[in-house]
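Reader: I am new to this structure and would like to learn how to read it with some care. Could we go through a few features one after another?

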Amino acid sequence: GTCLARETSTSRTRRRNPKYFLSFKLQRSRFSQPPPFLKAELQVSAMASNKDADPSLGYLTRKDTEVKLPRPTRVKNKTPAPVQITAEQILREARERQEAEIRPPKQKITDSTELADYRLRKRKEFEDLIRRVRWNTSVWIKYAQWEESQKDFNRARSVWERALEVDYRNHTLWLKYAEVEMKNKFINHARNVWDRAVMLLPRVDQLWYKYIHMEEILGNVAGARQIFERWMEWMPDQQGWLSYIKFELRYNEVERARAIFERFVRCHPKVSSWIRFAKFEMKNGEVGRARQVYEKAVEILADDEEAEQLFVAFAEFEEKCKEAERARCIYKFALDHIPKGRAEDLYRKFVAFEKQHGDREGIEDAIVGKRRFQYEDEVRKSPLNYDTWFDYIRLEESVGSKERIREVYERAIANVPPAEEKRYWQRYIYLWINYALYEELDAGDVERTRDVYRECLKLIPHEKFSFAKIWLLAAQFEIRQLNLKGARLILGNAIGKAPKDKIFKKYIEIELQLGNIDRGRKLYEKYLEWAPENCYAWSKYAELEKSLCETERARGIFELAIAQPALDMPEILWKAYIDFEISENEFDRTRELYERLLDRTKHLKVWISFAEFEASAIEDSNTDLEEEDMEDFLREQKKLCLERARRVFEKAINYFRTSAPELKEERAMLLEKWLNMEASFGDLGDVSSVQAKLPKKLKKRKQMMTEDGPAGYEEYIDYIFPEETQTTNLKILEAAYKWKKQKVSTDDD
């Protein structure tokens, strides 16, 4: 209205002109806009009415808060420009082309009325803003600080109090409030604020620190101490106690600080607390008090998880006090009481200590202790890893402490395999064996060795499996102790509970070495009752009788052996029987044996062995003959041998030709042996007759078949014997005749 009232005649003339009507209307529209604060309220209400608006985002939608990045420009020509520019030049040009910052004009207040209007307007803005965002702490702080800037402290306090009514748990408000009072030197007001703050928020350490700092700046030491005492009633963390102690030390109140330390370690009974207490005493020169602190800490925290740090600190304290023996005792005590898994740093410190203060033995003990720690860690992780136990025992045996060696052995053998299967016990049983050997050879304790063997034999489940080695070692131990009765008892129990080949063999060997033939025969009988198919036992039993010149008993044993329905290695037994008869020069019995063997098997080796026997079976000559007669006699014997060998070969060839024609390779090998034998007899042999029977070797191919079908060809050697060649020719003629006959009949048709 004021603007329109001041229009001049020129403006009226221009307004009447239609050309200027539109610009006049736009000027009117500027004055018709609502005021800024009302415009802001309208915007907020419009945002709140939107369903997608989020109150946490100031009633903006997610789409409004998204960062819209500019679209990347596509560079079509990527070739370098002829004139290059550096980044420094780009920044310099950007700085030069930057426009001046637009700042609002400064308002100068010239009288109290303008000041009152300004204050009224600012307070109205702050109040409106608070009504909109009551929960925003920064708005309250700005409002109170503005009132403070206007020196209206009562209004500022009112704003602070209103803010605390909204959110008294926000310690930032208390800090700002108290700082304002302190800055303007309202000490009592500040104390009042701090008292209320620490009463409502006692767990916020910053409030206590600020309160105490203010009192200390003011020189009110007693008041600060009183605040500390109030704080300690709430049992704060370690830093709070340490701040109290530093406060007392700043004023040289050592006794007060010591008393606070005692309360501190009661409130926080941790290793770090006791170490701080001891270092405090050490710093003040109280070595005795420091040692008492460490000793009391060891009594209380010896089983704590962090006890390692305590023992290390205690040992280092004694080392600083030149008490090397005390430090060594502390290290050893700690290593004996702390679990090995938590003593790694302790071992390292102990080794370094021994290298510095100990002798050679001490250094070696420290190194052994470190390795012992490693083995303890490994056996704790996997107690059934017997290789680790062997290494650990070897380490202890190198040290030589009997008690520790026995302790490790006992711990090792206590880890019995979980399953009763022999494959799990094979490594475990050697722990018992090594334990027994240690007690016998190194410790020299016979009774403990006997107990070890006895407990081991009790532990093994002999019904499922057994170990012949442990039985034999126990028996041999008793023999070394000249306790033959005990050894026989052990071996007898072994045969009764878990008979094995090794046990029988060793028991028989022991008895035969002692010259007890009857006991040896009884053991062989039991051996053969347990394993009648064992050809080795039969052979050894017969050898025993042969060595005793009991030929008939030996022959009877062999007859019983070959009469068994099942044998594990019958070829060994038959060979032993045949060799026995040959050694006795019983050629007729030997031929009979070969015939019996051929009734059971027609193997190539049996035929060859039989023929070789016949070729070498020359009977003993009469020693009364003269030299010429002796030569004639030997020649006649050779002829007889050759004739017998030929009969064997012919019989074998006849068998392979008629009964086993598919075994061509065996037949060819037999003929080669025959040919070699004929050649070995010289002029007595007939090589040409054998050569006529030799086959021809032919290389042939046959198709290889797999699951997927044919897979190529392979070569093999085929043998064509003379009689087969004639048969093949006849077959070819017969096939040609059939073909000719078929062709003639076809032509007639």
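**Reading the cavities and a few residues**

Author: Let us begin with the lining of the largest cavity, whose residues divide into five nonpolar, two charged and no polar ones. Please keep in mind throughout that this is a predicted model.

Reader: Which residues line the largest cavity?

Author: The lining of the largest cavity is made up of F153, A156, R157, W160, V180, E181 and F186. About 40 Å³ of space lies inside this cavity.

Reader: Which helices each supply at least two residues of that lining?

Author: Helix 9, which runs over 153–166, and helix 10, which runs over 171–183, each supply at least two residues. The largest share comes from helix 9, which gives four residues to the lining.

Reader: How many cavities of 30 Å³ or more does a search of the whole structure find?

Author: The search finds two cavities of 30 Å³ or more. The second largest cavity holds about 30 Å³ of space, and its lining consists of R134, W135, T137, W140, A163, V166, D167 and L173. Two or more residues of this lining come from each of helix 8 (137–149) and helix 9. Sorted by class, the lining of the second largest cavity has five nonpolar residues, two charged residues and one polar residue.

Reader: Where is N184 found, and which side chain does its own side chain meet in a polar contact?

Author: N184 is found in the loop between helix 10 and helix 11, the latter spanning 187–200. The side chain of N184 makes a polar contact with the side chain of E148, at 3.0 Å. When neighbours within four places in sequence are left aside, N184 is in contact with E148 and F153, and F153 is also one of the residues that line the largest cavity.

Reader: Does the term buried or the term exposed apply to W471?

Author: The general idea is that a residue counts as buried when its relative accessible area is under 20%. W471 has 3% relative accessibility, and therefore it counts as buried. This residue is found in helix 27, which covers residues 468–480.

Reader: What is W471 in contact with, once its neighbours within four places in sequence are left aside?

Author: W471 is then in contact with L457, H462, S466, I490, N493, A494, K497 and I503.

Reader: Why does S273 count as buried?

Author: S273 counts as buried because its relative accessibility is 0%. S273 lies in helix 16, residues 271–283, and, not counting residues up to four places away in sequence, S273 touches Q238, F264, V265 and H268.

Reader: How many helices and strands are there in the protein chain, and what percentage of its residues count as buried?

Author: The protein chain has 39 helices and two strands, and 35% of its 749 residues count as buried. Among the contacts in the chain with a separation of 6 or more, 46% are between residues 24 or more positions apart.

Reader: What does the accessible surface of the protein chain come to?

Author: The accessible surface of the protein chain comes to about 48,900 Å², and 51% of that surface belongs to carbon and sulfur atoms.

Definitions and conventions
Residues are numbered from 1 along each chain as its sequence is written. This is a predicted model: local features need pLDDT of at least 70, side-chain atom pairs count only at pLDDT 80 or more; totals for chains, interfaces and linings use all residues. Side-chain values use heavy atoms; hydrogens and water are left out. On a 1 Å grid over the protein atoms alone, a cavity is a set of points where a 1.4 Å probe fits but cannot get out, and a pocket is an open set with protein on both sides within 12 Å along at least five of seven lines; lining residues have an atom within 4 Å of a point. Grid points are joined across faces, edges and corners, and a volume is the space filled by probe spheres set on the points. Ala, Val, Leu, Ile, Met, Phe, Trp, Tyr, Cys and Pro count as nonpolar, Asp, Glu, Lys and Arg as charged, and the others, Gly among them, as polar. Buried means under 20% relative accessible area, exposed over 50%, partly exposed in between (1.4 Å probe, protein chains only). Contact means heavy atoms within 4.5 Å. Accessible areas come from the Shrake-Rupley method with a 1.4 Å probe; for residues, only the protein chains shown count as cover. A polar contact is a pair of N or O atoms within 3.5 Å; within protein, one must be able to donate a hydrogen and the other to accept it, and residues adjacent in sequence count only if both atoms are side-chain atoms.
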